[in-house]
Structures are given as C-alpha cells and as structure tokens.
Amino acid sequence: MILEPRGNMRRDGNMGIGEKLWHVSWSLVALISLVAGVGFFMLYSAADGSMSPWANKQIVRFAFGVGLMIAVALVDVRFWMRQAYLIYGVALFLLILVDLFGTIGMGAQRWINLGFVQIQPSEIMKIALVLALARYFHGASHEDVGRPLFLLPALGLVMLPAALVVVQPDLGTAILLILGSGATFFLAGVRLWKFGILIALGVGAIPIGWQFLREYQKNRVLTFLNPERDPLGAGYHITQSKIALGSGGLFGKGYMEGTQSQLNYLPEKHTDFIFTMFSEEFGMVGGLLLLVLYACLIAYGYAIALRSRSQFGRLVAMGITNIFFLYVFINIAMVMGLLPVVGVPLPLISYGGTAMLTLLFGFGLMIGVYVHRDVNMGRRGASDDV
Amino acid sequence: MSRQADRNKVFSRRATLLAGGKLLLFTALAGRMYYLQVIEREKFATLAEENRISLRLLAPPRGRILDRFGVPLAINQENYRMLLVPEQATDIEATLEAASEIIPLSDHEKTKILREAKRRRSFMPVTVRENLTWNDVARVELNAADLPGCMIDVGQSRFYPKADRFSHVLGYVSVVSEQDLTGDPLLELPGFRIGKAGVERVHDLALRGKGGNTQLEVNALGRVIRELARNEGQPGAEVRLTIDAALQDFAYQRLGEQSASCVVMDVHSGQVLVMASAPGYDPNAFAQGLNAEQWKDLIQHPRTPLLNKCIAGQYAPGSTFKMMVALAALEHNVVSPDFNVHCSGHVELGNSVFHCWKKEGHGYVDMLRGIMHSCDVYFYEIAKRVGIDRIADMAKRFGLGNTLDIDLAGEKPGLVPNREWKLRNLRSAWSQGETLVAGIGQGYMLTTPLQLAAMTARIANGGIAVRPRLTYEVATGHESAPLPTPTYPSIQINKANLAIVRKGMRMVVNEPGGTALGSRLPNPNWIMCGKTGTAQVRRITMRERDTGVKKNDELPWKERDHALFVAYAPDDDPKYAIAVIVEHGGGGSAVAAPIARDVMMETLRRDPVSEGARDRFAYSAEKDRAG
C-alpha cells in the first residue's frame, strides 16, 4: 500500500481544516512536484538555457496550481457530488458558447475570452464529465447498471460534449472524453458485450464521422496511415521526432545537449513534442524513468480509489487517473509515431497554463477523495440517508 | 450490505483489469522506446548527428508547348535564384541586410520577403531574388558564411521564344496566388509558377507534371553534403498545338501596328492554324513579374494588347452577316435566288430611311449580285420578309451567338438578338426597323473573329458544324497520340442554297464589280471566295447625311469603322477559312481583304498537299528551331 493509513476519520466527515490537512497525501503532492520539476528543467533547456520565456511562467503557474489543488482537496467531497450536474451544465453551456462565439485560436474555436483570462471549456468538461458520471453511477445498483435504458442518459452525458468538442474542432480532446468515460462505464459494471455493440456502432459510424472532420484532420489521419504522403507537412514532424528520439540512444546526449532539438528543427519542442526532447537528452533510461514516475502517479490514483468507501469517490479518483493515463499514453505514443499527431500535451511537463491547472484541479479532487475516504455518502450526496 | 459489496467487488476486479491494460500499453511504449533508441539507434544517429535530413520537393520541368510541326513556342530556361530558409537564419532581417550588400534589395522587397517567411512553414525556403546573373551567384557563394540560411538554387523559368506573336494563344505563367492553392505541395514551392492565361492555363495540370522529392543530407549550416534518395516526379506533358508558327508569324506581321485579329482554320477538322491578335504583349515579362508601371501601360493601352481579340473581341459582323440572311431567306422559301430588288440607295420604313452604302444605288439586283455588291437595300428587303427570328436561328446554326468551346479560356459568346432576347433583356418589343438593321449585321449583333471563321468554314464545308480547336496532342512520357478529330454533326441545310451563297461569295472576290476584286489570289489555280464587311461604330445623324457623311480618315481613330473580311479557299475543294477584323480600320475591302488574301495565299502555299510544300515546311520548321 502506497498510502499509509493514518487511522479512520469520522464517518460524518465533519473535520477541521487541520485534520483535513493532516490527511492530505503529501507524498503524492511531492511526486507531482517532482514530475513538474522535470518539466521546468526541460523548458529551461528548450529555451536554450534560459528561464524565459517558458520555465519562469510555468513555475509561477504550477505554484498557483498547487495552491488550487490543496484548496480543492479540502472541500468536502459531498459538495462536489451535489454540484456535479451543475458543474457539468455550466461546462456544457460554455462549450456551446465557445462553438458559437469562441475566439479563433490555433485554427480552432477553443477559447472563451473573459478579458482578464481565457478559459477553455473543453478542459473544464474533462473534469465535469468525470464528476457527472461518478454521481450518475454512484446511486446506481448493480441491477440498474444492467439496464440499457438506465445507461442511455449517461451515454448522452458523454456524447453531447464530445460532439461539441469535435465541432471546435478538437478531435484529440473528443477522443479523450470518450475513452475516459468508457473506462468509467466499465468500472461501474457495464457488461462487456454492451461495449462490443457500441464499438461496432462506432466503427460503423467512421465513414459518416469522416465527413465532419476538417481537411487538416483528415490529412493527419491519412498522413499517419501513410507518412510518405506528406513528407514536408505532418509527416515531417513525426520523422523529425523519431530521429531526435532514436538518436538519443540508451543514455541520451546529455542535458541541453540534444542536437536535434537545440538546432530547432524539432517542432513544438516545448509543448506537444517535449517528450522527444527529454528522450533525446536523457535516452531510453530517462524515458523509462519518466514512465515509472507516471506509473507511480497512476498507482496513487488506484490506491485512493480502492480506499474510498463511496462509489462516487472511487469513480472520481479512477476517472481522473484514467484521463491522466490517456494523456500520457497518447502523447508519448504520438511522438514515437505509434498514433496520429493529435494535439495532446504531456501532462505536468508540456508548457501550457490551462492544461496544467485542469490537471492539478483533478488531482485536487483525487486527494479530496482520499481525505474524505471514509465519509458516508447517500444517493444525493447527503451523509444521513442511505 | 451484499449489494454494495457486490458492486465493490465488480469495481475492484475491473480496476485491476484496467490497470493490467495500462501496464500493457506502457510496456508497448517501453518496447517502442527500445526499438527506436536501441535497435534503430544507429540509423537515427546517422540521420541526426550533425547532418540533417532535408526533404525537398523537386519541381518537375514544365511541359513544352509546340506548334503543329514541333516548333517550340514555350520552353524552359535555367534560372539561378537565391532562396532563404527562415528556420536556418538566426535573424532573418540581419541576413537580408547582409544579402542586400550583394544583391540590392529595396525596402519593399524586404518586407515582402519577411511577410512570405512568416506565412510559410519555417523550413520552406522563400525566394529572395530570381534571375540572378553568374556574377551574383559567384558573389553569394563567396559570402555564404555571412548569409546563414541563404542558398542558391537552379530553377527553371518559362521562356517564350516568339514573344508577343503568341502571347494570346499561349498565355503566360505567373506566381501562385493565395486563391490558386489547392493543397498540391508543388504550388507552395518558392518561385513555382502556374499557367494564368491561354494554353498555359487550359492545360496547366498536364503541363505541370507531378513533383518528385529528394532527401538531402545537410549540415548544421544548411550546406548540402549529399543526396540520400531521389524520387523523380513526372515531367509535364508536352502540348502540341494545331497552330502553324511560321504562318502565325506571317499573319501577325501582316496585321502590323493595327489593332486587329486574324483566325485561319481548317474547314473540315476545325484545327486552328492561325490565331493572331495584334498588338500582343511580351509573356516573358509576365513570367518574370511585371512592375506596376509596365502593368499600367498594358491595361491603359488604347489598342488593348492584353485582349485576345480572336476569341474575346466582339464586333458587329456588318456585311459578313449577309450570308446568314440570304440562307435564312432561301431555306424558308421566302424568296427565290432570282428575286429582284431595285436599289435606289435607300428604302423607307415608316418614318425612317435606311441607306445603302452606295448613295446612288445599285439599280436592280438579284441575290448573287446582292452578295457581290453587298447591296444593303437588297438585304433590308429580304430580311424584312424572313423576320428576325428565322435569321437569328440560321446564324446560331452557323456558330454565331454562342461560345464554340474552343480549348482556350476567355471565349466570349457574342450576341445574336431575336424577339425573345429583346423582350427579356431590354423589356421592349422588337421593331421591324431593327430587323432591317440586323439584316446588314449591325444593331445589337455581336460576333467574334473565331465565330466568323467558323461560320465561313461551315459554309465552305457544305454545312458541317465544325468547331475550332487548338490542341493537336498532349503527350505524357512515351505516350503520344494526336487527339482524334471529333465528328461534327450536319447543319441540315439544302446544298443548292449553300451553293448559291458560295457562288455569290466567289463573285465578291473574282467578278468585276465584286467588293473584293482587288484581293483575288494571284495563283489562278486557287480561287478564294469571301465577303467584305464594314461595321459602323458610331451613329450617323440625319444632319450628317445631309451635309455629307464624313470620310473615315476625317474621324478620330476610335470612331472609324471596323474593317472585316471572311473567306475560304480553294473554291473547288475548300480547305481553309479565314476571318480578319481590323478595328477602326475603315472599309473591309480596302483594309481587311488584302490581309486575308496574303494570309490565305501563304496558308495554301504551306498546305502539305500543295506542290513542293512539304520541303518548304521542313525547311522553315528547321529554320525556326535554329532561330
């Protein structure tokens, strides 16, 4: 067991701040900071040995994000459960808003500009969907989960935002939402053959969905299937990424010695392709170590989920863990040419504020589940009714 | 609570399964790492260490355009240019500053290059300057150390050896604009050019070919070490036209300084041998890029050098239209060929007076003499009897009033009015006076020289609806088969009626009193049949009629009549049809017919079936190649 039990807390969850702080899994916070620290070093290297323009900003964001994470963790989990649908509704509303009025950024409508801050509703939705599904399945008995009619609303909860995100267009996030939710359905006990039917339907829908993809998305998929197709376009990124990574060898070229990335022909080396740069400089050994660190983080998620007394807590912890895993896997598989290039950052390491804050918010929820692991939760999130 | 425990058990079991799946996927990542970083390390290390692989697209050579005998009309020349790869230059502006020490660059050019560099992906080279001299090339190479990211590239540029004589047929190539981008990566190559007009545009895709690419090993400074792999694309197809370059030269020269056009076509196959529009412009200047001054000169030139007058110049056909009126009258049995009209120099209709070109009148004329003398009064009379709708119908069957779908962009349809047209477009009823005016090819009537040539060809070939065409063959690689001559439908017209019109046209050129007697062919074996036309551009007022109509030379150029002439030859076995229009040239017989005579004479002389012509051909084709 990774987490040392520190004795049971009161089942009614009425703890003081001090007591809650005592229950925060500080070793997890340390692990998160360690991985983020790797990111700071890589951003320093990406900027040719300079704190600006990336490392310094990322550190400030991370510090703010850790504060947010602790604050979220201290909020009673029952609050999140009670507000789960409301949060989901707000996120959905923002998604619709961004589809209608979103400002153009990176060739896609993804942002809402509030003047002082830009928010990306699809990021909020990742968390909101986890919460909403967890609440939905929290009160469900095993028999409920077996009924197709019971599952339909939950399916709607997933497909609605996924469709809105595809329209933006942000294929990567849509896939993430669907895969992450699929794992939640699975954990909630949905029968495997039902997944079979859905997957069959999904495969059948590919030709239809294909028509809704933007030209560049089609090109990415086609280029992935046949990199020769576009040797100077998307294929170029993957070719260069493989060269940089492969040339790193077993032990790497050394910190700030990655010729390929330092010579600037590794594209997006501070965001989506940062793992390539890391692997070029630290080799396979470094890459495996990073994978182990990520695996540890994921193991924490499992430990928290399994220790939680409520289905809601379990599903939230696992939902966050699954999304985290998907981020790591898709990004690394992408830079190594195993998956098409979709815009998915490497969690905690890639430069970028919104993704970092979303992630830390998610970890906050996860830690909150741990802090409130023994709290009794009724169907609607009150502690008394069972 | 067994249900709860049940649920917990399901959760735990499935969480374990998921964890196993994740472990498996992570193992796959580790395996991939091992594959890339251990097994394939050597390969990637060679690619990466100091040398960089640089993939470059190879622009295929653009296909040549030839005349019917293989004389090159559009070819490629080597062109040295300086490129700049933005990502290789540490500071683009500083590099440009250094470069302008060698090749002077204006501020305007610099901002243009900077803008271009921002727009493109950073590894795509931007053109700094094209058409460098050897001297420039040497100095750039010498100073390469101070010019990071710069390189010299040998490209090809389009060259048109015959310059302005073929500008309208060939068109020109020019840089790719934002709207032209189709996703073909070739179009994004620096300095790539595509066809923007004429044959270059119509056959652009075939002429362009398919791009290849080359994998180059490049060191950190951007210098090419060696080529690793090369995939030749496919060179552009060679397009052979039906044009006879030497004949076109002759016709263009014959048109001289005037604003004029001349089309010669084969009456059976529709092959266009001459499509000359004067004045032309120099397409080489377009390929290199025009400056604002040159462009302004071209578009403001009163004789419209940018316009291909053969297909886009629309003129009232004047008296050349009279064949259509005569045929309409004969086909509908409105009159017989012997039908007589007395021409006193004018006719009256209601309150209006319609004049004949000959003020004192022609006396009694029948149809043959009507055509021969081009008597306006005769055609007023028969047009009145046939009616505009039947005249218009006949004209359309002969190819007027609609595009002929020649394989060239920018063809204009002309206009053949009828009652319905006027009602729809001018919202008023047709008046009989307008029929009279239409009977002599004036009024709303508009035709292009190409249409007049096609009309004449259809008269000459016995009523086959031949369509003009310019492409002889498009040869890709080893395949080269001439495009088959399409079969054309018959116009369905009474041969006897056609014979009468043709006899009239023969008299125009060959009988005393014919309007083009002076332009008969000097070779007695070849008889040319034709019809003159003089299209009025301005309106002649009543008062001017009273005081005497002004002579053309007294008028400003813009108000002078257009001179027209259409013809075919030889009479016994028609082969070629010709149409000549000289804008504001004056009378058709005095200005257009002599040009047509000379061009037709040369055409027949160069005809492969003519005696001794084959040798002459071979000779002149050789000479053209050498030149």
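B:Gly530 has B:Ala567 of S19(B) as its bridge partner. Strand S19 (residues 562–569) is joined to S18(B) by seven bridges, and the two run antiparallel. This is a predicted model, in which local features need pLDDT of at least 70 and side-chain atom pairs count only at pLDDT 80 or more, while totals for chains, interfaces and linings use all residues. Residues are numbered from 1 along each chain as its sequence is written, chains are lettered from A in the order in which they are written, and side-chain values use heavy atoms, without hydrogens and water.

**Sheet in chain B**

- An open sheet of five strands has the order S12-S11-S20-S19-S18 (chain B), with antiparallel pairing; two strands pair if DSSP finds at least two bridges between them.
- Its edge strands, each pairing on one side only, are S12 (272–278) and S18 (529–535) of chain B.
- On average, neighbouring strands of this sheet are turned by 5° against each other, direction ignored; axes are lines fitted to C-alpha atoms, for helices over the stretch in contact, and angles run from 0 to 180 degrees between N-to-C directions.
- Helices (H or I, at least four residues) and strands (E, at least two) are DSSP runs, numbered from the N terminus.

**Helices on the sheet**

- Helix H9 (residues 245–255) of chain B packs on the sheet and touches S11 (260–266) and S12 of chain B; contact means heavy atoms within 4.5 Å.
- The direction of H9 makes about 30° with that of S12(B).
- Helix H19 (residues 449–460) of chain B also packs on the sheet, touching S11, S12, S19 and S20 (576–582) of chain B, and its direction makes about 150° with that of S20(B).

**Interface of chains A and B**

- In chain A, 60 residues are in contact with 40 residues of chain B.
- About 4,400 Å² is buried between the two chains, 71% of it from carbon and sulfur atoms; buried area is the accessible area (1.4 Å probe) that two parts lose on being put together, summed over both.
- Zero salt bridges are counted between chain A and chain B.
- H13(A) gives the most to the side of chain A that touches chain B, with 13 residues.

**Salt bridges**

- Over all chains the count is 33 salt bridges, each a side-chain nitrogen of Lys or Arg within 4 Å of a carboxyl oxygen of Asp or Glu.
- B:Arg64 and B:Glu238 form a salt bridge through their side chains (2.9 Å, N to O).
- B:Arg64 lies in the loop between S1 (52–58) and S2 (65–66) of chain B, and B:Glu238 in S10 (residues 238–241) of chain B, so the pair, 174 residues apart, links distant parts of the chain.
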